[in-house]
Amino acid sequence: MRLRDISASEAAARLITGDINIDLGVAAFGVQSALPDVQRVFYQLYGDYELLDEASPADFRVAVQSPKSLRRWYKPQIHFLLDDFVPFLPLPRSQAYPVLEWGMNWCMASHMHKYLLLHGAVLEKDGKAIIFPAPPGSGKSTLTAYLAHTGWRLLSDEMTVINLETGLVHPFVRPICLKNNSIDLVKSWFPDVSISNIARDTNKGDVAHVKPPIASVDHIKQTVQVMAVVLPKYTPDVSLDIYSLTKADAFQALSDNAFNDSVLGADGFLALQRLVENTAAVEIHYNDLAEVLAFLNEGQFSA
């Protein structure tokens, strides 16, 4: 059964009690919130995902709720919780839904150490995946949304999950987080795509989340081999420029974007080394996503 197979009102009632366990492939999340806006956006964005029954317990039980202090009456805030643990300081009430997504990322990065986890997008076409590790401001999420709706399968926008033994990438398909100007761009490119309301003035600016394509959700268990690592850099006054990276530079770029390589120790180092040795790596500077799409579709990479 998928979340959309139950009514929005039933989903809201079950979110109040925490009786929603959602299957995200590499992990299952139990989600709880009595906040109507969180309930509405969660139902909107996760409608295509499978619900797990009581016999399949969640890896993480998370909640977004208002603190019970008197402060909530004159300066509304919200907490993210993992079980009964509150890992972050409270944030403004208006940011409740983004906090749920950010908290889910934190759960994985902090606790899911049977995989190598990289901060980066990963998309697949024709059975081969490309990892896009990139710091904030690189245009990664805008590029991810564009590719995910022009023939590429989304595996993740924020977190690349790599099997330590096989080197294959496991999908961790979630809504794509757009920021600032990219929100209106994606709306203009793909007017039929479902996008959440905008949370204003977060620490990342204005934020909205894009519902993943159903084809990506349907293949949430399908692992894939990595073909290349591409470091994107949006540069307004530069057409598409492509620079090959040395193995040393590629390793450094991946290591800089790894969440848990230090926790994994030798296993993490070897997984990164194998990834670099078996893939091509380039840095691209671009201002036209159509040119990037054409380059990626050609697949002219050599390890």
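Colleague: What makes domain 1 and domain 2 count as being in contact?

Modeller: Contact means heavy atoms within 4.5 Å, and by that rule 23 residues of domain 1 are in contact with 32 residues of domain 2. Keep in mind that this is a predicted model, where local features need pLDDT of at least 70 and side-chain atom pairs pLDDT 80 or more, while totals for chains, interfaces and linings use all residues. Residues are numbered from 1 along each chain as its sequence is written, and side-chain values use heavy atoms, leaving out hydrogens and water.

Colleague: Where do the two domains run, and how far apart are their centres?

Modeller: Domain 1 covers 3-111 and domain 2 covers 115-297, with bounds from an automatic or database domain assignment. Their centres, taken over C-alpha atoms, are 24 Å apart.

Colleague: How much area is buried between domain 1 and domain 2?

Modeller: About 2300 Å², with 60% of that from carbon and sulfur atoms. Buried area is what two parts lose in accessible area (1.4 Å probe) on being put together, summed over both.

Colleague: Why is the pair of aspartate 48 and lysine 211 called a salt bridge?

Modeller: The term asks for a side-chain nitrogen of Lys or Arg within 4 Å of a carboxyl oxygen of Asp or Glu. For aspartate 48 and lysine 211, the closest N and O atoms are 3.5 Å apart, so the pair qualifies. Between domain 1 and domain 2 the count is 3 salt bridges, and the structure holds 13.

Colleague: What makes arginine 4 and aspartate 48 a salt bridge?

Modeller: Their N to O distance is 2.8 Å, so the pair meets the cut-off too. Arginine 4 sits in the segment before helix H1 (8-17), and aspartate 48 in the loop between helix H2 (36-45) and strand E3 (60-65), 44 residues apart. Helices (H or I, at least four residues) and strands (E, at least two) are DSSP runs, numbered from the N terminus.

Colleague: Which domains supply the lining of the largest cavity?

Modeller: Domain 1 and domain 2 each give at least three residues.
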